[in-house]
Amino acid sequence: MDYVLKTDALSKKYRHFKALNGLSMNVPKGAIYGFVGKNGAGKTTLIRLICGLQEPTSGIYTLYGRKNTDKDIVKSRRRIGAIVETPSMYPDMTAVENLKQQYRILGLPSFDGLYEILKLVGLEDTGRKKAKNFSLGMRQRLGFAIALVGDPDFLILDEPVNGLDPQGVIEMRELILKLNREQQITVLISSHILDELSKLATHYGFIDKGCIVKEISAEELNDACKKYVRMEVSNTKALARVLDGMNIHYKILSDTTVDVFAKMKISSFISALAKENCEVISMQDRDESLESYYINLVGGGRSE
């Protein structure tokens, strides 16, 4: 498998704090890689290192086959488009002027494709309106447009749907999918909106306390997520006695609701409950969510 990005034991230390602690990850070519972690886990630090905004304390990363220590690593970085933390723009310039400035920074010979980029992100009708007067969602779109200047084939997006309304989130998702599928752009997305990420990602990297605790494909994650039955009953104590007797794992959520993590013969199960004077009100098959998988993987506590 070809990889756009590989890191090996990457560390970054700020005085007495280790933002990255021996992080190793692999982003396959053509993937939409969901980078998942709590605030303070090290996501933005990694992105800043890859983009050349900071240097690692130790370890290496390889970008399009070039190590970060190579003199020509800048050639690999030119293939990146990125939104790091908050979109970078000139507040007293219009959307068009901001994009033209990015063309100049990259040393591009003309402004070819500029208006196509603005149309792609839905900012073609902003006219003379300055960026400082844009809504938060419009600024997010402008940041995305700036990241697309230069036809990058690796997009790094730090919380790309922040500030977008529900329709904007859908449009951003469709844009990312379109760029990935039609132009084969590899995308690394750092996000805490896990439900939205699950609609995009082909691969995941779960980071905690500066290191990757799990890398998994979306297909493998789907297989790994537990299937369970959510049951609403008249008596959870009676249900618990029956399940304990059958040696079945379960989790009581309330006085009437229980998640059961096993397949059962319904007829014999209902019969056993009837003997305990327990009535089943409803049963629903469910899959463990990405959020539940993540919490079970790294724990529910807050990062320092």
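How many residues lie between S1 and S2 in the hairpin that the two strands form? In this predicted model, S1 and S2 form a hairpin with 2 residues between them, and arginine 15 in the turn has a positive phi of about 55°. Strand S1 covers residues 3-14 and strand S2 covers residues 17-28, and the two pair in the antiparallel sense over 8 bridges. Within this pairing, lysine 6 has asparagine 26 in S2 as its bridge partner. S1 is also joined to strand S4 (residues 58-63), with which it runs antiparallel, by 5 bridges, and in this second pairing threonine 7 stands opposite tyrosine 61 of S4.

Backbone angles with a positive phi were also found at other positions. Most residues other than glycine have a negative phi. Alanine 9, which is placed in strand S1, has a phi near 50°, a positive value in a residue other than glycine. The relative accessible area of alanine 9 is 34%, so this residue is classed as partly exposed. Asparagine 277, which is not a glycine either, has a positive phi of about 60°, and is found in the loop between helix H10 (266-275) and S14. Because its relative accessibility is 68%, asparagine 277 counts as exposed.

The pairing of S12 with strand S13 (residues 257-260) is antiparallel and extends over 3 bridges, and tyrosine 250 stands opposite valine 260 in S13.

Charged side chains were examined next, and a search of the whole structure finds 9 salt bridges. In one of these, the side chains of aspartate 153 and arginine 79 meet at 3.0 Å, N to O. Aspartate 153 lies in the loop between helix H5 (136-148) and strand S7 (154-158), whereas arginine 79 lies in the loop between helix H2 (73-77) and strand S6 (80-83), so the pair ties together parts that are 74 residues apart in sequence. Aspartate 153 is partly exposed, with a relative accessible area of 26%, and arginine 79 is likewise partly exposed, with a value of 34%.

A further salt bridge is formed by the side chains of lysine 132 and aspartate 92, with a distance of 2.9 Å, N to O. This pair links distant parts of the chain, 40 residues apart, with lysine 132 in the loop between H4 and H5 and aspartate 92 in the loop between S6 and H3. Lysine 132 counts as partly exposed at 48% relative accessibility, and aspartate 92 also counts as partly exposed, at 47%.

The salt bridge between the side chains of arginine 173 and glutamate 196 has a distance of 2.7 Å, N to O. Arginine 173 lies in helix H6 (residues 166-183) and glutamate 196 in helix H7 (residues 194-197), so the pair ties together parts that are 23 residues apart in sequence. Arginine 173 and glutamate 196 are both buried.

On the surface, a nonpolar patch is formed by Tyr90, Ile105, Leu106 and Leu108, which together have about 350 Å² of accessible area. Of these residues, leucine 108 lies in the loop between helix H3 (95-105) and helix H4 (114-120). Leucine 108 is partly exposed, with a relative accessible area of 32%.

With regard to cysteines, a search of the whole structure finds 0 disulfides. Cysteine 211 counts as partly exposed at 24% relative accessibility, whereas cysteine 278, at 7%, counts as buried.

How values were computed
Residues numbered from 1 in each chain as written. Predicted model: local features only at pLDDT ≥ 70, side-chain atom pairs only at ≥ 80, totals over all residues. Heavy atoms only, no water. Patch = residues over 30% accessible without salt bridge, like charges linked within 9 Å, V, L, I, M, F, W, Y side chains within 5 Å. Areas by Shrake-Rupley, 256 points an atom, 1.4 Å probe, with all protein chains shown as cover. Salt bridge = Lys/Arg side-chain N within 4 Å of Asp/Glu carboxyl O. Helix = DSSP H or I, 4+ residues; strand = E, 2+ residues; numbered from the N terminus. Buried < 20%, exposed > 50% of the residue type's maximum accessible area, 1.4 Å probe, protein only. Pairing = 2+ DSSP bridges. Disulfide = S-S within 2.5 Å.
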